[in-house]
Amino acid sequence: MISTRWIEKRKPHWAKLESLLNQSAKGGLKSLTRSDLQELSLLYRQTAADLAAIREDRASVHFARYVNQLLVRAHNTIYSGHRASPRAVVSFFAQTYPAAFRRNLRQCALAVFVFIIGGVVGAVLTYQNPDFTVKLLGPEMVDTIDRHQMWTHSIVGIKPLASSAIMTNNMSVGFTTFAFGITGGLGTIYMMLFNGLLIGVIGMACHISGMSLQLWSFVAPHGVLELPAIFIAGGAGFRIAQGLLFPGILSRRDSLARAGSEAVQLLLGTVPILIVAGIIEAFVSPTGLAIPLKFSMAAALFVLLNVYLFGAGRSSTSNHS
């Protein structure tokens, strides 16, 4: 429980932060001295720690709202003065993004779980009723599978155009999955279920036709990047839904704003992953490269992606804490 003495001790620091923010609001960051800017940064970090402590005490809800609003103002003031630079971009992908992914690992895991459910349902329906495959994939694609042919031969002849189309489609799926979080997560669930269903149907249809090796050797090189990126976009959608449905002690507006900020970070980080996946899908996956090499490439990319997402930025985070 937060003591009254602790609150009274912290109030002057909050008041000082508010004073600096009011000064900045009138004259911009240029109106603050170097000492003021350093103090603003320090007070911002201290206030963030204060908010975390206050949230543990339900009796201090009114203080939590005040401190949260103060923290939002400070965040906007501090980061509005940051101009985009190569160093900032490198810092985002090297530290900020993997840390944001780890903070939202549960939401991303939920997206994976929903996707797997869709995949299992699609595989079972296809196994029990082959006509379901025709309804979902269309007769032309099903006929291609029945003739034991892959439907990817057209990609090889138009690699640059195919790569661009693939990137655009994948990003569209990712952005839609993310945006549907505003429906309370229902739209995100639908997108993850549908994409899982599609993979399940295609996988089982190819298995029945004895084409599993052909299918998965095509999917593996780019799929180890593309699918995790879609899962992360799904996690971003679920993060928005969480902020909308479970605001806690925050107002729903503040909760959604905070969740949206985290979700946008998650989504932005998927863009380069999907770009690389699109290039591989157009230039490597459909080619006649030896199957063992394709799977080896997929394994290497999957390991690198996991090392990046789960390892990058940890040392700097621990140093700051």
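**A helix and its surroundings**

In α5, the buried residues are Q107, C108, A111, V114, F115, G118, G119, G122, A123 and T126. Buried here means under 20% relative accessible area, exposed means over 50%, and partly exposed is in between, using a 1.4 Å probe and protein chains only. The model is a predicted one: local features need pLDDT of at least 70, side-chain atom pairs count only at pLDDT 80 or more, and totals for chains, interfaces and linings use all residues. Residues are numbered from 1 along each chain as its sequence is written, and side-chain values use heavy atoms, with hydrogens and water left out.

Helix α5 covers residues 105-128, which is 24 residues. From first C-alpha to last, α5 reaches 35 Å, close to the 34 Å expected at 1.5 Å a residue; that expected span is 1.5 Å times one less than the number of residues. Helices (H or I, at least four residues) and strands (E, at least two) are DSSP runs, numbered from the N terminus.

What do the buried residues of α5 pack against? Their partners are α4 (86-103), α6 (131-137), α10 (186-208) and α11 (212-245), where contact means heavy atoms within 4.5 Å. V124 is also found in α5, but V124 is partly exposed, with a relative accessible area of 39%. The C-alpha atoms of V124 and M204 are separated by 8.1 Å, although these residues are 80 apart along the chain.

Now look at one of those partners. Two packed helices are described by the angle between their axes and the distance between the axes. For α5 and α11, the angle is about 115° and the axes are 7 Å apart. The axes are lines fitted to C-alpha atoms, for helices over the stretch in contact, and angles run from 0 to 180 degrees between N-to-C directions. On the α5 side, the contact is made by Q107, C108, L110, A111, V112, V114 and F115, and on the α11 side by L227, F231, I232, G234, G235, F238, R239 and Q242. By class, this contact of α5 with α11 has 10 nonpolar, four polar and one charged residues. In that count, Ala, Val, Leu, Ile, Met, Phe, Trp, Tyr, Cys and Pro are nonpolar, Asp, Glu, Lys and Arg are charged, and the others, Gly among them, are polar.

Next come the nonpolar cores. A nonpolar core is a set of buried Ala, Val, Leu, Ile, Met, Phe, Trp, Tyr and Cys residues joined through side-chain atoms within 4.5 Å. The largest one has 26 residues, and those with the most contacts inside it are F101, F178, L225, I232 and L309. At least two residues of this core come from each of α4, α9 (159-179), α11, α12 (252-283) and α13 (291-311). The most is given by α11, with eight residues. Beyond its neighbours within four places in sequence, L225 is in contact with I273, V276, A277, I280, L301 and L305. A second, separate core has 19 residues, including L21, L32, L70 and A74.

N170 lies in α9 and is buried, with a relative accessible area of 6%. Not counting residues up to four places away in sequence, N170 touches E226, I230, L274 and E281. N68 is found in α3 (residues 61-80) and counts as buried at 2% relative accessibility. With neighbours within four places left aside, N68 is in contact with L51, R55, L250, D254 and R258.

H62 also has its place in α3, yet H62 is exposed, with a relative accessible area of 52%. H62 and I249 are 187 residues apart in sequence and 8.9 Å apart in space, C-alpha to C-alpha.

Finally, step back to the whole chain. The secondary structure comes to 14 helices and zero strands. The C-alpha trace spans about 75 × 40 × 30 Å along its principal axes. Of the 321 residues, 44% are buried. Among contacts with a separation of 6 or more, 78% are between residues 24 or more positions apart.
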